[in-house]
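Please look at them first, and then follow the text from heading to heading.

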Amino acid sequence: MSESKKNRSIKLANWLATKLIKDTFLEELIGDLDEIYEERKTTKGTTHALLMYWIDTIHLLLGFSSLIKFKTQNRNIIMIKYMLKIAWRNAIRQKQFTVLNLLGLTIGITVSLLLGTYVHHEINYDNFHVKKDRIYRINQPNIWGDWNEISPSTGPNVATALKEDAPDFEEVTRLLHMGTQIVRSQTDTGSFKLFEEAAFIIAEDNFLDVFTFDLLKGDKETALDQPMNMLLTQETAEKYFGYESPMGETIQVKQWDGKWKTYTVKGILANIPSQSHIQFDMLVSMDSYQENMDRDGWKWIWTAFSTYGLVKEGTDITSLTEKIQAIPPKWAPPTTKRIFNQTFEEFTAGNPWFLNLQPLSDIYLAEQPFYNQFGPVGNIAFVRLFTALGILVLLISCINFMNLSTAKSSTRGKEIGVRKVLGSGQKSLILQFIFESILYVGASTFVAFIIVYCSLDIFNNISEKELSITTYLSNPIFTGILLLFIVGLGIVAGSYPAFYLSSFRPIDTLKGKVSNGFKGKGLRNGLVIFQFTISITLIICTFFVQKQLSHTSTMDVGYVKENILQIHNIEQFGFDTEKLKTKLASNPKISAIGKSFGVPPNIWSGDRYKSDKPNSPVVQLRNIRTETDYLNLLGVEIIEGRNFDPKKSNDKYGVILNEKAMRLLGWDIKNRDDSPIGKKVSMASGDEDKFEVIGVVKDFNFNSVRNEIQPLIIINDLNDKVWDYGFGLSFMSMRINSESIDSALELQFLIEEVEGVLNEIDPTIPFTYSFLDQDFEKTFREEQRMSTVLNIFTLMGLIIACLGLFGLAAFSAEQRTKELGIRKVLGANISQIIMLFSSEFMKLVGISIIIASPIAFYFVDDWLNGFAYKTTINFWVFFLAACGALSIALLTIGYQSMVAALKNPVDSLKSE
Amino acid sequence: MKNKGLGEFEELILLAVCILEGEGYGISVKREVEKHTGRTILLGAVHITLYRLQDKGLLKSHMGGNTSKRGDRKKRLFNITDTGMQLLQASQDVRQSMWQLVPQLR
């Protein structure tokens, strides 16, 4: 048993004790338990100790808890005792029903509890900030591309302008994500420990005034107000220094020129809660980057800053939003003039440069903007899907429970008759049925909680969350809803037998008039149809989710994306890069090698370009710098012109376009006169150098296959006339000779070999690698995770529905024993009886299929519309799902119909 | 004072508390009884009996002696009261006098 699970188990036991035992006893009892646990652990092993811990706890609970009241002789308690006894006897008498009933309900509650905790977790992001209701993020349009798209970041001067023009803000604070940094800390022995730090953020001095991140060590007022101040989270401190409070220690960060910048640790923050959209390891003061901040011209188009505002209490957000719309037209023109030589109106081309205020609580799940530089973004679609799934599965299991309960209770007519004869009032009968029903629901809920408690680790693994259920139990609203559910479902399910059966005259029930005249069959059939409709819809949808995922992962992206190993951090090697390349190229297992700045599927940097045609439009193109070999290595098809030629020195200023970019710039290769080859392209910002187009590549996918292929311009890596975008990160990609690698071990060996080569040249540079195809997979990681979850829960829903069908078939078989017996006597053979019996249920499943198909079609179609490349909706899938559902249903009731058909008619008819 | 009936288990517990001389709490009492009788008893039983005996006025208790072993929680240390001692003595006397009347042992 794992250590953590054991501790959780003990915690649960202790928690139970705190709830049931008076506080005055707690300390000594838990103390004793703890002591004896440790002793047993050393002498008899953990499992034994744990088991005994529970036995002892329960024993103590019985002795000391408020349950003691039960031991007293109180009339109500005696009655409850008898009700319990009757309930127990009934449960034992019909074991099959009882088990089916409890199992279905337990699965249903388990599933909905799991999904419920997930949804609750997702909708409560950023809830821990004390001033959360007053914090807003300032968003603006994506001025670098589609102006209709909302971007979560702005230029640095949006904040300064807001401070100046909008006194409604109490604080305005900016964050800047610095991308991956090479960081080192000094150990006691004076040597350096080197790290690659991906969560390195620059923050303003009022950061901690706006957000609630606990500062464990250090002074909140001065923590970020000096240059070179740095705050670490506990985890990070532990990682870099090996202990939790390295106050005053230093950390060095490598600069682009190879020099190290030294920061001093001025504070330790508690670890960032997982439910925060801002995640970081290190925070450094913005004053440390004063020289960057001073670069005047960029202040409105350097859109890398996230701006957050804390409004004053009682601020009207609508009017504030209206007011701040005047800010960009007022402040941005000098920037557009200086950088692009355009007026503000020319720059925006008529699009409004709006600023909107997004409440903090909306950020995580908002549909727009759909990314966040600092951490996770949620997916509202999944939250909706899971909410729906949870409710549906719960609904299916509740229906099941009601169906089986009512079916079962109709056999209790005689019992009711006898009890009535013996003087039992209707009221106490009603109470009995409702009590039993509530008891069932209560028991299922209890078991479900235990299952959830134990399986949460697995669920957390799949969904990559940190969910916990114990916190909910102490929440009064949750417990209230839970009780309401138990009592509510209990009453609804128990009300049919309670009110209907108990109203019969005892003489009728005893004579057997009512016991077989069970009504409500129409309702039951309706409920079965409803259940199966939901299940079949879920099955079809799940199937298409799988189909779409496999479609995207096997899709042709325009080059062979398998067997490409990419080494990161190549920019750190500087002048040694060529040496590195030669060394690696000599390895026979590597068939091609090439360097590039940026690799698919993460080519995001872009700029505004225009062609040398008169009145050329300014267009937004993605850009990537590569060398000749990289395009060869990818194997993208050049449909016009040629690749860069290292021998031609002029090629250094050549560019290659993809088809999309070519068409956007107004050229076409179909028309000879319109060919872009030999024409010129330049950046749109003023009088820039012009670059000759030397080739056109066929469109290939360099982002996730979720999106359409974007226009792309490929720039030679030696081009020294363009500003270097994309943080200048560069990669060395290698195509592995797949024939020389047969096993994972050999691959591992090759990777180590490569690492060795890198270390030989510069051991201070962290070795990071990835595989191109895996990076592509990652863009669908969330969908894949969620589809796993979806599969599991769809299966659960189906199991519950089948349990219900099985129960009803069993019930029906019991009810129709005589009828089938007579049929057999009159000459019906076994197959006819099986047909007769099954067809009744198959009809219901058939109707469900007819209802479910269009519903599923609607949802699948709607979901697929979100993808640029979608799988086709084949009708054979529907057919397959229908056949599947039918055969599962047939299997479920097959056993019952066999039993019914094989019964000897003598047995079924003789007891009259 | 009349002997209000001391159960066998109660008597064992009382004796264990006496033996432990102020160091008697749940676990040590359990250990002591187990050591002498050779049988395994449940912790809960010990606790419940200790409290019952306290309610009867045969034991008194105070909190103390926290150790890191038990997560720095205090223990409830039991001591025998005068009444308890008398009762134990009385019980012993009854047995002693009865023993002497057993013919087989003569």
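## Salt bridges

How many salt bridges does the count come to over all chains? The model is a predicted one, and the count in it comes to 26 salt bridges over all chains. Side chains of opposite charge can pair when their charged atoms come close.

One of these pairs is found within chain A, where Glu204(A) forms a salt bridge with Lys163(A) and the closest N and O atoms are 3.6 Å apart. This pair links distant parts of the chain, since Glu204(A) sits in the loop between strand S6 (200-203) and helix H7 (207-210) of chain A, while Lys163(A) belongs to helix H6 (residues 157-165) of chain A, 41 residues apart.

## Where chain A meets chain B

The contact between the two chains draws on 22 residues from chain A and 19 residues from chain B. The area buried between chain A and chain B is about 1,800 Å², and carbon and sulfur atoms give 59% of that area. Glu28(A), Asp32(A) and Glu35(A) supply 33% of the area that chain A buries against chain B, which is more than any other three residues supply.

Between chain A and chain B the count is 1 salt bridge, and Glu39(A) forms a salt bridge with Arg31(B), with the closest N and O atoms 2.5 Å apart. The count of residue pairs in polar contact between chain A and chain B, with both residues at pLDDT 80 or more, is 3. On the side of chain A that touches chain B, helix H2 (23-44) and helix H3 (46-64) of chain A each supply at least two residues, and H2(A) gives the most, with 15 residues. Sorted by class, this side of chain A has 9 nonpolar, 4 polar and 9 charged residues.

## Chain B by itself

The secondary structure of chain B comes to 4 helices and 2 strands, and reading along the sequence gives the pattern α-α-α-β-β-α for this chain. Along its principal axes, the C-alpha trace of chain B spans about 55 × 30 × 20 Å.

## Cavities

Rolling a probe the size of a water molecule over the atoms shows where empty space is left. The structure holds 3 cavities of 30 Å³ or more, and the largest cavity contains about 110 Å³ of space. Helix H15 (380-409), helix H17 (426-463) and helix H19 (476-500) of chain A each supply at least two residues of the lining of this largest cavity. Among the residues that line the largest cavity are Phe401(A), Lys408(A), Arg412(A), Glu436(A), Tyr440(A) and Pro497(A), and by class the lining has 5 nonpolar, 4 polar and 3 charged residues.

What classes of residue make up the lining of the second largest cavity? There the lining has 8 nonpolar, 1 polar and no charged residues, around a space of about 40 Å³. The residues lining the second largest cavity include Pro600(A), Ile603(A), Thr626(A), Leu634(A) and Phe700(A). Strand S17 (619-626) and helix H23 (628-634) of chain A each supply at least two residues of the lining of the second largest cavity, and H23(A) gives the most to this lining, with 3 residues.

## Backbone exceptions

Most residues other than glycine have a negative phi, and most peptide bonds are trans. In chain A, a cis peptide bond joins Pro600(A) and Pro601(A), with omega about 0 degrees. Pro601(A) lies in the loop between strand S15 (590-597) and strand S16 (606-611) of chain A, while Pro600(A) is also one of the residues lining the second largest cavity.

Which residue has a positive phi although it is not a glycine? That residue is Asp126(A), with a phi of about 60 degrees, and Asp126(A) is found in the loop between helix H5 (95-123) and strand S1 (135-141) of chain A.

Technical notes. Residues are numbered from 1 along each chain as its sequence is written. Chains are lettered from A and ligands numbered from 1 in the order in which they are written. This is a predicted model: local features need pLDDT of at least 70, side-chain atom pairs count only at pLDDT 80 or more; totals for chains, interfaces and linings use all residues. Side-chain values use heavy atoms; hydrogens and water are left out. Contact means heavy atoms within 4.5 Å. Buried area is the accessible area (1.4 Å probe) that two parts lose on being put together, summed over both. A salt bridge is a side-chain nitrogen of Lys or Arg within 4 Å of a carboxyl oxygen of Asp or Glu. A polar contact is a pair of N or O atoms within 3.5 Å; within protein, one must be able to donate a hydrogen and the other to accept it, and residues adjacent in sequence count only if both atoms are side-chain atoms. Ala, Val, Leu, Ile, Met, Phe, Trp, Tyr, Cys and Pro count as nonpolar, Asp, Glu, Lys and Arg as charged, and the others, Gly among them, as polar. On a 1 Å grid over the protein atoms alone, a cavity is a set of points where a 1.4 Å probe fits but cannot get out, and a pocket is an open set with protein on both sides within 12 Å along at least five of seven lines; lining residues have an atom within 4 Å of a point. Grid points are joined across faces, edges and corners, and a volume is the space filled by probe spheres set on the points.
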